[in-house]
Amino acid sequence: MTLRSKHPRARLVLAGVALVGAAAMLAGCAGPAQDEVPTADSQTDLARPPAEDDPNAVAGGTLRLSTSSDPVCLDGHQVSTAQLQLLGRIIYDNLVSLDADGNPSPWLAESWDISEDGRTYTFHLRDDVTFSDGTPFDAAAVVSNFDHMAAPETKSPLAAAYIDPIASTRVIDDETLEVKLDYAYSPFLYVLAQGWLGLISPKQLAEHPEQTCLQPIGSGPYVVEKYTPGEGVTFAKRADYDWSADYLNHDGPAYLDRIEISFITEPAVRYSSLVSGEFDATDNIAPQNAAAIEADSSIEYHNISRIGNPQRITLNTSRPPFDDLKVRQALALGIDSEGIAEAVGFGEYEPRHAFLSPTTQYYDPAAEEAWEYDPDRAGELLDEAGWSTIDADGYRTKDGQRLTAEFPVTETATPGSLNDLIQSELKKLGVELKLIQLPSAEAQERRRNGDYDIGTGVWHTNTPDALYIVYASGEITSPERIGQNTSRLTDAELDGILLDARQTTDTEELAELYGKAQARLAELAPAIPLYDFYTPWAVHDNLHGVLADSSHGVPLFTIAWLEP
């Protein structure tokens, strides 16, 4: 199988872009169409670039953007923070991108061949790309990046898991790289398109790897001018950049001279500073501000439902009380997801009971029916599990011990209102939830060691392989690397289903396997889905050409320009 750029040097016409799952990827599965999620924008329209460069586009100017948090590190290989989805596209390029149909499309790799057994990929690379330190991009540079992602000292919480199926690499020549996989890994090209797998200068990786967090060197349209943790980051345009992803239909460098990003954690401040014109754009709009922003004719507001796992309550299945299936099932039945979604989302969030969002390929709507709200049955399950005595404070007990769960939290871990709502819902069931406030480093250490009972989180990726990343037993954090299976679930049946799904490209088989995986997760209840995960962002109407990123839905500024 070979895919080649139609115009590998001129960077001309390939199709526009749609987020995976919103268009073609949903065509092969049983999930509802995107427009059946009423609060979410059409990702297809927002991600689609013009067929050619806008003749009205003006070069120059500084974009001022506020974002909700500091990524802590700008090296996407070392972190899994959502900010790298946006920032990564500013600094880095990837081997591949996704096109208008949600299919892998050329970027730094002009084309690739895939062996019949799906285990060998041969990438044919551009020969005109340089990193911003002048280092040429070539096959050896890609190998250096794969090595950096996989290295134990990188402690990659995400990129390492995505490239784990790589068995070996071979540099055939400067423009040709052969990658052999342990098995036919169907998500491989899709994950290579993600922001966390952007490519770093091999010279920097070899000589100054300690600098990649604060001053990374990529081959992208902008370079890091100044990064001040806790405050912001400034980027300057690369005048010699001329290798944007094929689907963008853009020649030459970016239009904007500079991008200045400020980290502002308080949603009300981001909202007021956007409305006042202090900033040209902002992300993570608080749902309580959405209606006011939508009513402002000078601002464009977009709320995109993300691909992957929904917002969820995670239950640590490796220790009491949630090693007991009946207790987990009781919580799945007894927590009012609809009420939480309404309270937290101010009508902007769609409640969810399944383990994949409906924008994700092979989402199975039947999974929504497994754990519909039934507090009476939840109480019966807790009785059956032995937690049948109620103490003076209204909490359930067994053998004189109260049914208690610990939730280590930091100020930035998740909105306090959500934590409080979860605590209230559990109190109704007779479960005491202790919210333990800890310094960030200590809270992270407890999570790595499995020293918790409950957590919250989401997991976004551009393939249904999100289920493998979050629930496969091999993804439990170990001394070798940080994993994302925070439920610490170990289930051989689920592992087999998810591994089989990784190893086939047959769409009917994939639909069957991911349907089985969602059904098995509903049986096991390692987590409690709450509501869909969204990317809400807004821009002033004098900022043009902002697209939704084709993998992540975050704003993409490669062809954005400011009206004078």
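Residues are numbered from 1 along each chain as its sequence is written. Because the model is predicted, local features need pLDDT of at least 70 and side-chain atom pairs count only at pLDDT 80 or more, while totals for chains, interfaces and linings use all residues; side-chain values use heavy atoms, with hydrogens and water left out.

The sheets come first. Helices (H or I, at least four residues) and strands (E, at least two) are DSSP runs, numbered from the N terminus. Two strands are said to pair if DSSP finds at least two bridges between them. In general, strands of a sheet pair through backbone hydrogen bonds, either parallel or antiparallel. In this model, 7 strands form an open sheet with mixed pairing, in the order S9-S10-S11-S2-S12-S22-S13. Its edge strands are S9 (222-228) and S13 (299-305), each of which pairs on one side only. From one strand to the next, the twist averages 15°.

Gly61 lies in the loop between helix H2 (43-47) and strand S2 (62-67). With a relative accessible area of 33%, Gly61 is partly exposed; on this scale buried means under 20% and exposed over 50%, with partly exposed in between (1.4 Å probe, protein chains only). The C-alpha atoms of Gly61 and Tyr255 are separated by 8.2 Å, although the two residues are 194 places apart along the chain. Contact means heavy atoms within 4.5 Å. Leaving aside neighbours within four places in sequence, Gly61 is in contact with Leu256, Asp257, Arg258 and Leu562.

A further pairing involves strand S14 (residues 308-315) and S20, which are antiparallel over 6 bridges. Asn309 has Trp459 as its bridge partner in S20. Strand S20 (residues 454-460) has 5 of its 7 residues buried, so it is largely enclosed by the rest of the structure.

Another sheet is open and antiparallel, with 3 strands in the order S15-S16-S17. Strand S15 (389-390) and strand S17 (401-402) are its edge strands, each pairing on one side only. S15 is joined by 2 bridges to strand S16 (residues 396-398), and the two run antiparallel. The bridge partner of Ile390 in S16 is Arg396.

Asp383 is found in helix H12 (residues 375-384), and apart from neighbours within four places in sequence, Asp383 is in contact with Ser388 and Arg396. Asp383 is partly exposed, with a relative accessible area of 38%. The C-alpha atoms of Asp383 and Leu214, 169 residues apart along the chain, are separated by 53 Å.

Two packed helices are described by the angle between their axes and the distance between the axes. Axes are lines fitted to C-alpha atoms, for helices over the stretch in contact, and angles run from 0 to 180 degrees between N-to-C directions. Angles under 35 degrees count as roughly parallel, over 145 as roughly antiparallel, 65 to 115 as roughly perpendicular and the rest as oblique.

Helix H10 (residues 325-334) packs with H12 at an angle of about 165°, their axes being 8 Å apart. That makes H10 roughly antiparallel to H12. In this packing, Lys326, Val327, Gln329, Ala330, Leu333 and Gly334 in H10 meet Pro375, Arg377, Ala378, Leu381, Leu382 and Glu384 in H12. The residues of this contact divide into 7 nonpolar, 2 polar and 3 charged. Here Ala, Val, Leu, Ile, Met, Phe, Trp, Tyr, Cys and Pro count as nonpolar, Asp, Glu, Lys and Arg as charged, and the others, Gly among them, as polar.

The axes of helix H16 (residues 492-502) and helix H17 (residues 507-524) come within 9 Å and cross at roughly 155°. H16 and H17 are therefore roughly antiparallel to each other. Their contact includes Leu494 and Ile497 of H16 and Leu513 and Tyr514 of H17. By class, this contact has 9 nonpolar, no polar and 4 charged residues.

Helix H8 (residues 267-275) and helix H9 (residues 287-294) pack at an angle of about 10°, with their axes 10 Å apart. These two helices are therefore roughly parallel to each other. Pro267, Tyr271 and Leu274 of H8 make the contact with Asn289, Ala292 and Ile293 of H9. This contact comprises 5 nonpolar, 1 polar and no charged residues.
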